[in-house]
Amino acid sequence: MNVRVFASEPEAAAACAALVAAAIREKPSLVLGLPTGRTPLNVYRELVALHQRGQVDFSRVTTFNLDEFLGLAPDDPSSYRAYMERHFFQHINLAPERIHFFDGSAERAERECVRYDLKLLEAGGLDLLLLGIGPNGHVAFIEPGDSLQAGSHRARLSRESRLAVASLFGDDVWKVPLAALTLGMAGMLQARRVILLAFGVSKAAAVTAMLRGPITPMCPASFLQLHGNVEVWLDAESGRGVDGSR
């Protein structure tokens, strides 16, 4: 994995947005994997600004978001779909039919995961995948455990992950759903290019485990060591102890 340590989070976010815009200009029909949470917010702001200046056109781009809370309808204000609408989709010219999301309110979670994986297969897989990483080493909502599931699946959320997203639920962790639907590791490893972003000292241990530790389901992000085209973009705090590329 190739590692870049930036002086600050805003600098990394601006560089990431510029990279995404360049990839879209090179391939207007880019298939883009998108994360949620706090980490990508500045990237989305930068992409919106680029679009408003006429420097990137999303009209032929296809997106796949990586996860959604189980039990929440797309129009629930705490859903990740609502998050994406607020922070990104409603500010750009992305065609609604090209937006792909898990339906957290689906009656059968397993069938919804199969539907999602088939849509991703029909799209030809991800050209570019943006990722964050949790303090416990999770990516999307693939949580640490004894084993990993290759395909999209229902995941039970750790307390650590629920605390991290409590701000979407009025800072009340008890309102955070116990489970989510998430892209599986196969979908991530089959992406043609991966950019993982990590900011802040709370991510430093997970970054070190991902880069330097063994490949283990106890740190799901470590499986990215198996990918041939991963870039890890850090700020100075999350990059503590990182001395180069691997």
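In this tour, Ala, Val, Leu, Ile, Met, Phe, Trp, Tyr, Cys and Pro count as nonpolar, Asp, Glu, Lys and Arg count as charged, and the others, Gly among them, count as polar. Keep in mind throughout that the model is predicted.

Next, move to the largest pocket, where about 520 Å³ of space lies, and select T36, G37, R38, T39 and V165, which of its 26 lining residues are the closest to its centre. Both α3 and α5 (159-164) supply at least two residues of the lining here, and the largest share, three residues, comes from α3. Sorted by kind, this lining holds 13 nonpolar, ten polar and three charged residues.

Then turn to the largest nonpolar core, which has 47 residues, and select L47, F58, F69, F88 and L128, those with the most contacts inside it. Among the elements that give two or more residues to this core are α1 (9-26), α2 (41-52) and β6 (128-131), and α1 gives the most, with nine residues. Stay on L128 and display its neighbours, including L19, V20, A23, L32 and I195, all of which L128 touches.

Finally, select C113, I133, A191 and A198, which belong to a second, separate core of 37 residues.

Methods: Residues are numbered from 1 along each chain as its sequence is written. This is a predicted model: local features need pLDDT of at least 70, side-chain atom pairs count only at pLDDT 80 or more; totals for chains, interfaces and linings use all residues. Side-chain values use heavy atoms; hydrogens and water are left out. A nonpolar core is a set of buried Ala, Val, Leu, Ile, Met, Phe, Trp, Tyr and Cys residues joined through side-chain atoms within 4.5 Å. Buried means under 20% relative accessible area, exposed over 50%, partly exposed in between (1.4 Å probe, protein chains only). Helices (H or I, at least four residues) and strands (E, at least two) are DSSP runs, numbered from the N terminus. Contact means heavy atoms within 4.5 Å. On a 1 Å grid over the protein atoms alone, a cavity is a set of points where a 1.4 Å probe fits but cannot get out, and a pocket is an open set with protein on both sides within 12 Å along at least five of seven lines; lining residues have an atom within 4 Å of a point. Grid points are joined across faces, edges and corners, and a volume is the space filled by probe spheres set on the points. Lists of a residue's contacts leave out its neighbours within four places in sequence.
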